[in-house]
Amino acid sequence: MILSPFGKIYGAVANARNRLYERGFFRSYDLGAKTVSIGNITVGGTGKTPLAAFVAGTFFEAGEKVCILTRGYGRRDPRRRVLVSDGERVLTDARTAGDEPFELARKLSGKAVIVADADRVSAAEWAMEKFGPTVFVLDDAFQHRRVRRDLDIVCIDATDPFGNRQVLPAGVLREPLENLRRAGAVVITRANLAGDIEALKNELGKYANCPVFVSHNEFSGFTKLEDFHKNLDFEPHKLSTQYSALHTLPSLAFCALGNPRNFFEQLRGENFRVAAECSFPDHHVYAPKDIAALEAKARATGAEILLTTAKDAVKLGGLKTEIPVFIAENRIIFENRKDFVNYLLS
């Protein structure tokens, strides 16, 4: 493969950088509160956002004051610090905050302060002075070595754990697999969409000397697009009798995710009639022409409704649709929730 030499160079540089942090040549900063990082070793979507929401919510229920620090990919001005939520309400929009921070703010309204800033050390100092959190949750930070953390949680997508096992740009790995040794816990996500989870756990045991937890994603409810944007400060709707017939209607599913196939397969796995599907680049900002194209494709394929994710819905505000759009609310379910919660809080 023509890119393999470049992948080896990238991996060597990543390993050298890690050694410089481990030997103290590069400094890691203590944020002054318990710090938990959630990240991955591959590019693309691995289910970090539902896990970040679960972890933050768990700490909140345990009586902690939680602050999520995120880079906020895809936002309008990546150099600007944005207070996405003050812990009581959502303060900005998805374009300013970034789609994932905004989605977290909506899911965790009343439970967590959320700050989008590329410099998470500086953002933590600012948040500590302003809000006094007792726990920081770092979103997408396994490779962010400037911050010292008490626990590194790494998400592994069961449907495509390691790609071709090569490092960028030859593959999807952000760094060589042996660096999983830094993980304090591994969470296998989307196990319900994959095959042999025991074989994956055995494979992980070659690299990570830590507890491995298994989870899957499920739809917790569906919200009509207009209702979704009327209730951004409230917890996601539960599935209601009104929408129980959605399974029977032919649908066009669309999304702009790191791994769109997982959304489509989850719909089919939960017995939705997906007549057509359409994917956009991760963090895509929707425009009226996109809606027009989606509705044209829906009519051509006989789809009666459009289905998408909450991450996409936060970027659909103000766009007019003729075909009903429903938002799938996703949540993470652990095979042994009690064990994961106990490990997290310990």
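1. Phe54, Phe213, Phe334, Phe340 and Tyr343 come together in one aromatic cluster of this predicted model. Rings of Phe, Tyr and Trp (its six-membered ring) are paired here if their centres lie within 6.5 Å, with planes under 30 degrees apart counted as stacked, over 60 as edge-to-face and the rest as tilted.

2. Over the whole structure, the search returns 14 aromatic pairs. In one of them, the ring centres of phenylalanine 213 and phenylalanine 340 are 5.1 Å apart with the planes at 75°, so this pair is edge-to-face. The pair joins distant parts of the chain, since phenylalanine 213 belongs to strand S8 (residues 212-224) and phenylalanine 340 to helix H11 (residues 337-345), 127 residues apart; helices (H or I, at least four residues) and strands (E, at least two) are DSSP runs, numbered from the N terminus.

3. Phenylalanine 213 is buried at a relative accessible area of 11%, and phenylalanine 340 is buried at 1%, where buried means under 20% relative accessible area, exposed over 50% and partly exposed in between (1.4 Å probe, protein chains only).

4. Strand S8 also holds phenylalanine 219, which is paired with phenylalanine 272 in the loop between helix H8 (260-269) and strand S10 (274-279), 53 residues apart. The centres of these two rings, phenylalanine 219 and phenylalanine 272, are 6.2 Å apart and their planes at 85°, so the pair is edge-to-face.

5. Residues are numbered from 1 along each chain as its sequence is written, and side-chain values use heavy atoms, with hydrogens and water left out. As the model is predicted, local features need pLDDT of at least 70 and side-chain atom pairs count only at pLDDT 80 or more, whereas totals for chains, interfaces and linings use all residues.
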